[in-house]
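Subject: Structure handover, salt bridges

Hello,

Here is the structure you are taking over. My notes on its salt bridges follow below.

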Amino acid sequence: MYPTGALIVNLRPNISPASYKHLTVCIKPFKDSAGANIYLEKTGELKLLVRDGERSPSRVYCFGYDQGGLFVEATPQQDISRKITGFQYELMSKGIAADLHTASAPCRPCSDTEVLLAVCTSDFVIRGSIQNVTNEAEEQESIIHVGVNKLYRQKSKVFQLTGESGNWRGQIKTLLECGVKPGDGDFLFTGRMHFGEARLGCAPRFKDFQRMYKEAKDKGLNPCEIGPD
């Protein structure tokens, strides 16, 4: 609150230093963050990441862990109104970060192998249908409102029971450019949690997933067991 001066933020994950090179750091400024610029700093050199006053609620800034730490510097203020500088951060493997922040990745149909791996490694795996889609032009995102028929796995309580009907529902975000629309039929939704939100990964039609799973199981090639029914 009321930021003055500057500070350096170094993240130290509880893993072997030899693994640091495989990590990506992502930060997401709070919606009302103000009063300071945020830089990437290494050996005294500064690279601007977030300029004070930028208003991009869904914008995420990522960089390799070995590129440096964060340098947060207060900006001169013309008034005495309250300013709060804040952001969330996440550490993840470079492969996961690339999937989340490659513009075309969420829109490209997954191969059979990618789907089967996603079932084993995703933060959530559900069978469900698209009830509605809300497009947010300003954030260039779509919110998929999902009715859940079967919950295989979730790491966070994104999908919850609602109302007296006892139906499971939840929301998944993806890029607006993917052009997701409501429609009939069930899908297998997979994806990862990112800053508390479910982000869409592979999402084949459920009947296609059943075929992939059966073919892989018959050949002994399925990477993990999951009930396809």
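A salt bridge here means a side-chain nitrogen of Lys or Arg within 4 Å of a carboxyl oxygen of Asp or Glu. Please keep in mind that this is a predicted model. By that definition, the structure holds 13 salt bridges. Three of them are described here.

Glu141 and Arg199 form one, and their closest N and O atoms are 2.7 Å apart. This pair links distant parts of the chain, with Glu141 in strand E9 (residues 141-154) and Arg199 in strand E13 (residues 197-200), 58 residues apart. Glu141 counts as buried because its relative accessibility is 5%, and the cut-off for buried is under 20%. Arg199 is buried as well, with a relative accessible area of 13%. Salt bridges with shared partners join Lys28, Glu141, Lys173, Glu197 and Arg199 into one network.

Asp186 and Arg127 also meet through their side chains in a salt bridge, at 2.9 Å from N to O. Asp186 sits in the loop between strand E11 (167-175) and strand E12 (187-194), while Arg127 belongs to strand E8 (residues 124-136), 59 residues apart. Asp186 is partly exposed at 21% relative accessibility, and Arg127 is partly exposed at 24%.

The side chains of Asp112 and Arg211 form a salt bridge of 3.4 Å, N to O. Asp112 lies in helix H2 (residues 112-121) and Arg211 in helix H3 (residues 206-218), so this pair ties together parts that are 99 residues apart in sequence. Asp112 counts as partly exposed at 30% relative accessibility, as does Arg211 at 35%.

Regards

Terms used:
Residues numbered from 1 in each chain as written. Predicted model: local features only at pLDDT ≥ 70, side-chain atom pairs only at ≥ 80, totals over all residues. Heavy atoms only, no water. Helix = DSSP H or I, 4+ residues; strand = E, 2+ residues; numbered from the N terminus. Buried < 20%, exposed > 50% of the residue type's maximum accessible area, 1.4 Å probe, protein only.
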